[in-house]
Amino acid sequence: MKLDVNDIRYITSEEFRVLTAVEMGSKNHEVVPSSLITQISGLRNGGVNKHLGSLAKRNLIARVQNTKYDGYRLTYGGYDYLAMRALSKRNSIHSVGNQIGVGKESDIYVVADEEGKQMVLKLHRLGRTSFRTIKTNRDYMGKRKSASWMYMSRLGAQKEWAFMKILYEHGFPVPKPIDQARHCIVMELMDAFPLRQINEVASPGQLYSELMDLIVRFAHSGLIHGDFNEFNILIREDTGKAVVIDFPQMVSTSHENAEWYFNRDVECIRTFFRRRFRYESAIYPKFRSTLNEPGAGDFQLDVIVAASGFSKQEMKALEEYIESTRENEDGSDDEEESEEEDEDESVSEEDGETGGSEAADGSDRTDREEAAGDVSSSSIPQDLDEDPQVPRSSCPSPSDSLVRQTAALGLRTPSPPGKHPTHVSRPQPLAFDKTDSLKETVSAEVSKRRAREESKHHARRSTKRMGRARGSKAKQDTRVKADTSGFWD
Ligand code: ADP
Ligand code: MG
């Protein structure tokens, strides 16, 4: 699908108001009735319909035809748009480059600020591959009929943000957290390989100890990573040291299943080292003795995070969700497979209008009872870019294909997972500034300089890499920097 980024940049202030009204209405409605959107937006009826049409055309919202009433739901693209607009207004990001990762539950892009400093944008996609699971596992949703991908994705980002900040402030090797909005996190771009791509290391024993020490250090601070594996451990190019990422599933050492999570983290590393490096050690940390060691309990980061505003209830909701998706996994950790599954569940562009069939079919409660309109809790906030506390029960949306999301965002078409783009279009600055006009992109001079630096850097790195991680090339190399080439063309 050809992207028309310019089109999406020029969203008018009225269209933006309508888009925000759909988001607000989603708080209580899986499908937001057009009448309610009009009410919340405070605009004239005729005008709103026109704006709804144009937003739907850009895939920021999708029309859903229900038996009782017609309405709209926010799409992934629309939610992405709102989050990125907020980040852009705060000057956290200015332009968006290539996609460097598609996880089961996130999309990762390289972004840059106005000075051209590259960072990572992680868009949480909880619920993307787990709609069936959500439907069968709704304890945390109480009486709600369906979980909300928006709500879960935002919780995932908020939790990850809270932990990343605390860990970074306490000197743990994690990327520097930069900003968070809705379901998105902006963080430092690490010049590093995922451990999974490393086939040889100079001293497996040393790396093994470093990783086990990290598990122990986490535990001494009251924390367990909960997904400490070769995908979430990056090895820095410059120092060869480990950097840990991906925190939505972190738990406290006082969690009822703490020991089980701890052992699983330890076991993941042992298994990986055995298989990949044929390295095995009789020495590995044990939960109880680790907690009794001197140094344990000096910091209680779990308590600090709990005090940071991420409520216990939210923590629980997210935890149950994550666990429920794990239970339903088929044991495969292959990221490509999750994409295929995603494709299976997505509906074609043409189906877009009825893409919310799940809501249309199964949403008898919220929609029909509340169709009359409950604007009281949905008034538009002063600053429209503020996150208006996302819905708990809006419609899970399996129909938003990745391409449509990225189109709506004004991002480049992502390359297939694990492949580098063969063609990179010109830079895609976001244009959410006060006038919503197109911002000047990076000057030709800067682009040239970057390209020169990049090629020098690449040459230097390939020499270094050949010496240090020989064999890693044989595997598919999806390292971050390689994908940013041409970012500034
Ligand atoms: P998920 O929750 O989908 O597993 P992750 O946070 O683990 O998402 O990120 C997925 C992949 O994106 C990682 O394996 C890594 O290759 C890349 N990545 C994520 N964050 C960064 C970062 N800060 N710097 C460099 N690469 C990153
Ligand atoms: Mg991960």
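**Figure 1. Arginine 217 and its neighbours from elsewhere in the chain.** Leaving aside residues up to four places away in sequence, arginine 217 touches His170, Gly171, Phe172 and Pro173. This is a predicted model, and here arginine 217 sits in helix α8, which covers residues 204–220. Take Phe172 as one of the contacts: 45 residues separate phenylalanine 172 from arginine 217 along the chain, yet their C-alpha atoms are 8.7 Å apart. Arginine 217 has a relative accessibility of 35%, so it counts as partly exposed.

**Figure 2. The whole chain, for orientation.** Out of its 489 residues, 57% count as buried. Among contacts with a separation of 6 or more, 75% are between residues 24 or more positions apart.

Figure 3. Which residues hold the magnesium ion (ligand 2) as protein donors? They are Asn232, through OD1, and Asp246, through OD, lying 2.1 Å from the ion. The two come from distant parts of the chain, 14 residues apart. Asparagine 232 belongs to the loop between β10 (223–224) and β11 (233–236), while aspartate 246 belongs to the loop between β12 (242–244) and β13 (251–252).

Figure 4. Aspartate 227 is found in the loop between β10 and β11. Is this residue buried or exposed? Aspartate 227 is buried, as its relative accessible area is 18%. Not counting residues up to four places away in sequence, aspartate 227 touches Asn232, Asp246, Gln249, Asp265 and Arg326. Two of these names, Asn232 and Asp246, are the protein donors of the magnesium ion. Another, Asp265, is one of the buried residues of helix α9, shown in the next view.

**Figure 5. Helix α9, residues 258–277.** This helix has 20 residues and reaches 28 Å from its first C-alpha to its last, close to the 28 Å expected at 1.5 Å a residue. Its buried residues are Ala258, Tyr261, Phe262, Asp265, Val266, Ile269, Arg270, Phe272, Phe273 and Phe277. As a reminder for reading that list, an α-helix has 3.6 residues a turn, so residues three or four places apart point the same way. Following α9 comes arginine 278, with a positive phi near 50°.

**Figure 6. Ligand 1 and what surrounds it.** There are 19 residues around ligand 1, and Ser106, Lys122, Glu188, Asn232 and Asp246 come nearest. Several polar atoms line up with the ligand. Methionine 190 places a polar backbone atom 3.0 Å from a nitrogen atom of ligand 1. Phenylalanine 231 also uses its backbone, with an N or O atom 3.1 Å from an oxygen atom of the ligand. Aspartate 246 brings its side chain instead: a polar atom there lies 2.9 Å from an oxygen atom of ligand 1. Aspartate 246 is also a protein donor of the magnesium ion.

**Figure 7. The β4–β5 hairpin.** Strand β4 (residues 95–102) is mostly covered, with eight of its eight residues buried. Its partner β5 (residues 106–112) runs antiparallel to β4, and five bridges join the pair. Three residues sit between β4 and β5 in this hairpin. To find your bearings, start with valine 96, whose bridge partner in β5 is valine 111.

Figure 8. Helix α4 (residues 45–57) has 13 residues, which should span 18 Å at 1.5 Å a residue; the 19 Å between its end C-alpha atoms agrees. Gly47, Val48, His51, Leu52, Ser54 and Leu55 are the buried residues of α4. They pack against β2 (61–65) and β3 (70–74), as well as α2 (13–25) and α3 (34–41). After α4 comes asparagine 59, which has a positive phi near 65°.

How values were computed: Residues are numbered from 1 along each chain as its sequence is written. Chains are lettered from A and ligands numbered from 1 in the order in which they are written. This is a predicted model: local features need pLDDT of at least 70, side-chain atom pairs count only at pLDDT 80 or more; totals for chains, interfaces and linings use all residues. Side-chain values use heavy atoms; hydrogens and water are left out. Donors are N, O and S atoms within 2.8 Å of the metal (3.2 Å for Na, K and Ca); water is not among the atoms, so sites may look incomplete. Helices (H or I, at least four residues) and strands (E, at least two) are DSSP runs, numbered from the N terminus. Buried means under 20% relative accessible area, exposed over 50%, partly exposed in between (1.4 Å probe, protein chains only). Two strands pair if DSSP finds at least two bridges between them. The expected span of a helix is 1.5 Å times one less than its number of residues. Contact means heavy atoms within 4.5 Å. A residue is near a molecule or strand if one of its heavy atoms lies within 4 Å of it. A polar contact is a pair of N or O atoms within 3.5 Å; within protein, one must be able to donate a hydrogen and the other to accept it, and residues adjacent in sequence count only if both atoms are side-chain atoms.
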